[in-house]
Amino acid sequence: MPNIIACFKWVIDEAYIRAGSSGELDMRSVNYKLSDYDRNAIEEAARIKEEHGGTVIALTVGIPGGTKGLKDALSRGPDKACFISDPSFENLEPSQTAAILADVIGRKLDYDLIICGEGSSDLYARQVGPRLAETLGIPCISFVQKLTIDGNRIIAERKVEEGIEVTAAPMPALVTVVPDINNPRIPGVKDTLTASKKEVITITKDDLSSAYEPTLRTVSMTAASMERNCVKFTAEPSDITAFIEALAKEGVLR
Amino acid sequence: MAGVWIFAENLQQTAELLSIGSDLASKLMTTTSAFLIGNTDSADDCIAFGADEIMELPALAGDQPLDAYIPVIVAEAQTADPDVFLIAATVRGKDIAARLAARLKTGLCSDCIGVTFDEGNNVLEMDRLAYGGAAIQKVACMTRPVMATIPPGTYKPAPQQSGRQGTIRELQAPQPSPSTVLERRPKETQVKDITESRIVVCAGRGIERKEDLSLVQELATALGGEIGCTRPISEEAHWLPEELCIGLSGISVKPDLYIGLGVSGQVQHVTGIRDAKVICAVNKDENAPLFGAADYGIVGDLYDVVPKLIEAVKKAKA
Ligand SMILES: Cc1cc2nc3c(=O)[nH]c(=O)nc-3n(C[C@H](O)[C@H](O)[C@H](O)COP(=O)(O)OP(=O)(O)OC[C@H]3O[C@@H](n4cnc5c(N)ncnc54)[C@H](O)[C@@H]3O)c2cc1C
Ligand SMILES: Nc1ncnc2c1ncn2[C@@H]1O[C@H](COP(=O)(O)O)[C@@H](O)[C@H]1O
């Protein structure tokens, strides 16, 4: 019966980000969401628990404001959550995130399997999972599209350029999952209600054994703008003709 | 010791990284070293591409994953203390880079798409995409070595120069690793590369059935172009191969003409078509974000619009 940790991140929903007039990011009307592929990570943990028993802990590091994310994560099946939070954890870079997670996992949590998303929706660095495994000194299989528990080991189908690499590793181990691995459930009202009754272990900066300074500095973050004509036509025959004429004029019909 | 180090899975990728690597090495007034995997005879080629030193990694046993090399590379890096370490951003490369960075306790710029050297401050500034491609993040690494993964195709291969000299050094064989590869299943089919296509017609989730892809293909054929798709079509429906998925986690295209059919235009997809000359959208939702990223849009049902477009294109070309 494996003890599983599913790592998730509560992120800014990029669909709400606008480009400011001087190329800066306009974050005034942003919303937050559970990082897309972490839904697959949590779902996979819940699925394995349904099949093999055990426990699932959802683990995240972030700012104290991220409590909504805990509820969202818990409504997707985990037994409890662990929230490592501090106001200074706003823009952690991957090495810090991995170090903080490793510190807490190594000293406070029992685990056989850690599941991370392939990459976070905001940074998409695809670093935290492999870094975490390396820091804990456990095997890592990344970009997994199918996962099976086979006694004391995991067997993972890993998606690489040339095809599939079926890899086995003894537990404890860490995997990062790609979105094709499963279809994350959509939590219902009941799931949301149960979620608010589940245990949340809160860990603060003072409970960590080090300060974990960044190794990567963000020099700037600018909007990737795209200036386009934005001319709209209807499906009426005259508009279709006008559309084709526009393309011909651009010289792209040959 | 110091230097610019390069690790890639094949000679083509190594040559690409040597292009930017040699450039950085000359600015940093240092040398380049490239790892070569297995018993290859490409060391001389690699030196011609600009490597000053070749570090040969002995071939792996059949069931060893590529990451078995990690301890060997870490040991070398701890002795030689490189300035910069560039790794090709393949699936395995990304994994290995992150794990090496953790062992070497240094920063890593993932999917670096551009590097500039700020000579005044002696720092490398590296560009990458963030927020699904909505933003460009410029980062600097504050620890040694400065690490980056660079997507294959970002740089042109370095030109071969004859008569270059270099040293070749064989490294120790890796120990057995805890994970073992049980099976390797190659992809069945070879897919046409559309990254250089002049016209790309993209199938989105607005396509209802797999059979309806013939409609998309018909328009592509009429225009003399190729077909591409969004992630849900390749990864969720598996109607088209992943090599045709355009966007952040797929390929980037730069055609003269891109037409998205039933494509909403989420930023992760639009990122892959930024360099298209003309972008068109057909969508029944007038508020679809792709209209905001398109030069010309048609608001309508693609099942009504596309047959009309095919007719009109044929007529215009006749
Ligand atoms: C980290 C990350 C990486 C990603 N990478 C990629 C990537 O590389 N490439 C990619 O494509 N996506 C990627 N995505 C997914 C991306 O966010 C979107 O979900 C995806 O691009 C949506 O595809 P779509 O437009 O085909 O589908 P949808 O968003 O479902 O849009 C379908 C559109 O079709 C329209 N439509 C429906 N029926 C009709 C009709 N009959 N006629 C006309 N219009 C119709 C609808 O109005 C709608 O706008 C990524 C996501 C994440 C989180
Ligand atoms: N702040 C965080 N808290 C917990 N897990 C995280 C956090 N950031 C990233 N992760 C995990 O690491 C994965 C990869 O993130 P990244 O390296 O940022 O692309 C995510 O899918 C999560 O599973």
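This is a predicted model: local features need pLDDT of at least 70, side-chain atom pairs count only at pLDDT 80 or more; totals for chains, interfaces and linings use all residues.
**About the model.** Local features need a pLDDT of at least 70 and side-chain atom pairs count only at pLDDT 80 or more, while totals for chains, interfaces and linings use all residues; side-chain values use heavy atoms, with hydrogens and water left out. Residues are numbered from 1 along each chain as its sequence is written, and chains are lettered from A and ligands numbered from 1 in the order in which they are written. Chain B averages a pLDDT of 96, and 99% of its residues score at least 70; pLDDT is the predictor's confidence in each residue, from 0 to 100. The model scores ipTM 0.96 and pTM 0.96.

**View 1. A seven-stranded open sheet in chain B.** The strands follow the order S5-S9-S4-S1-S2-S3-S10, with parallel pairing. Strands are DSSP runs (E, at least two residues), as are helices (H or I, at least four), numbered from the N terminus; two strands pair if DSSP finds at least two bridges between them. S5 (108-109) and S10 (167-170) of chain B stand at the edges with a single partner strand each, so one side of each is left without a neighbour in the sheet. Further in, you can follow S4 (residues 84-88) and S9 (residues 146-150) of chain B, joined in the parallel sense over five bridges; here B:Val84 stands opposite B:Val146.

**View 2. Helices H3 and H4 of chain B.** The axes of H3(B) and H4 (residues 91-103) come within 10 Å and cross at roughly 45°. Axes are lines fitted to C-alpha atoms, for helices over the stretch in contact, and angles run from 0 to 180 degrees between N-to-C directions. The two helices are therefore oblique to each other (under 35 degrees is roughly parallel, over 145 roughly antiparallel, 65 to 115 roughly perpendicular and the rest oblique). Look for B:Ile70, B:Pro71, B:Ile73, B:Val74 and B:Gln78 of H3(B) in contact with B:Ile96, B:Arg99, B:Leu100 and B:Arg103 of H4(B), where contact means heavy atoms within 4.5 Å.

**View 3. A six-stranded open sheet with strands from chains A and B.** Its order is S15(A)-S16(B)-S15(B)-S14(B)-S12(B)-S13(B), with parallel pairing. At the edges stand S15 (231-233) of chain A and S13 (226-229) of chain B, each with a single partner strand, so one side of each is left without a neighbour in the sheet. The twist averages 20° from one strand to the next.

**View 4. Strands S15 and S16 of chain B.** Four bridges join S15 (residues 278-283) to S16 (residues 296-299), which run parallel. B:Ala281 has B:Gly297 as its bridge partner in S16(B).
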